[in-house]
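Subject: Structure for your files

Hello,

Here is the structure I said I would pass on. My notes on it follow below.

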Amino acid sequence: NGLNWLWPLQDASIKHITSVYGPRKVSTGSSNHRGMDITTGVEGAIKGEPIVAPFDGVVKKAGYESSCGYYICITSKETDPVTDEKIIAIFMHMNSEPLYTDTKKVEKGKSVLGYVGTTGDSTGYHLHMEANNRNAAVGDTGRSNYTYTINPLYFYLNVEPTFSNNASYKKN
């Protein structure tokens, strides 16, 4: 029923999703997309946009990984009723190291986690966001398949994104 998370981009008007959660047809990258890709729909326009904490939580893991680029994983206070595990949100492809490190607390809407980039396996500037109900960070087993991942849009009750399957954020 949603947890009324805050939209992760400080400019809340940026709600263009170019790759949704689930199966997708792509020439590069995963055909099973565990998250959603948010951009503006205008090439490069999202570059450097601040990413804010969507809820009060704690950084479980932050760093760099070859496919994710710079990333941050935030654990929420909410526990999933099915798995009895904490729900986690993951943000990838940031332009540089996250602004918070492991075990640091973050505040909903007040903590800037980092900035939109195109690091790792990324075709252009966008924010990739994931959620799962296994408290699984990048590199953890519970994130490795769709069994425990959740469509991130489920956590946003009042967001009306636009969708396209174009590659408007691709690099030249």
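Leaving aside its neighbours within four places in sequence, which residues is Trp 5 in contact with? They are Pro 54, Phe 55, Glu 78, Ile 87, Ala 89, Met 129, Ala 131, Phe 155 and Tyr 156, where contact means heavy atoms within 4.5 Å.

This is a predicted model, in which local features need pLDDT of at least 70 and side-chain atom pairs count only at pLDDT 80 or more, while totals for chains, interfaces and linings use all residues. Residues are numbered from 1 along each chain as its sequence is written, and side-chain values use heavy atoms, with hydrogens and water left out.

Trp 5, Leu 9 and Phe 91 have the most contacts inside the largest nonpolar core, which has 28 residues. Such a core is a set of buried Ala, Val, Leu, Ile, Met, Phe, Trp, Tyr and Cys residues joined through side-chain atoms within 4.5 Å; buried means under 20% relative accessible area, exposed over 50%, and partly exposed in between (1.4 Å probe, protein chains only). At least two residues of this core come from each of strands S4 (35-39), S7 (69-79), S8 (86-94) and S11 (127-132); strands are DSSP runs (E, at least two residues), numbered from the N terminus. S8 gives the largest share, 4 residues. Another core, of 8 residues, lies apart from it and includes Cys 68 and Met 92.

Lys 86 is in strand S8 and is partly exposed, at 32% relative accessible area. A polar atom of the Lys 86 side chain lies 2.9 Å from the backbone oxygen of Lys 77.

Regards

Technical notes: A polar contact is a pair of N or O atoms within 3.5 Å; within protein, one must be able to donate a hydrogen and the other to accept it, and residues adjacent in sequence count only if both atoms are side-chain atoms.
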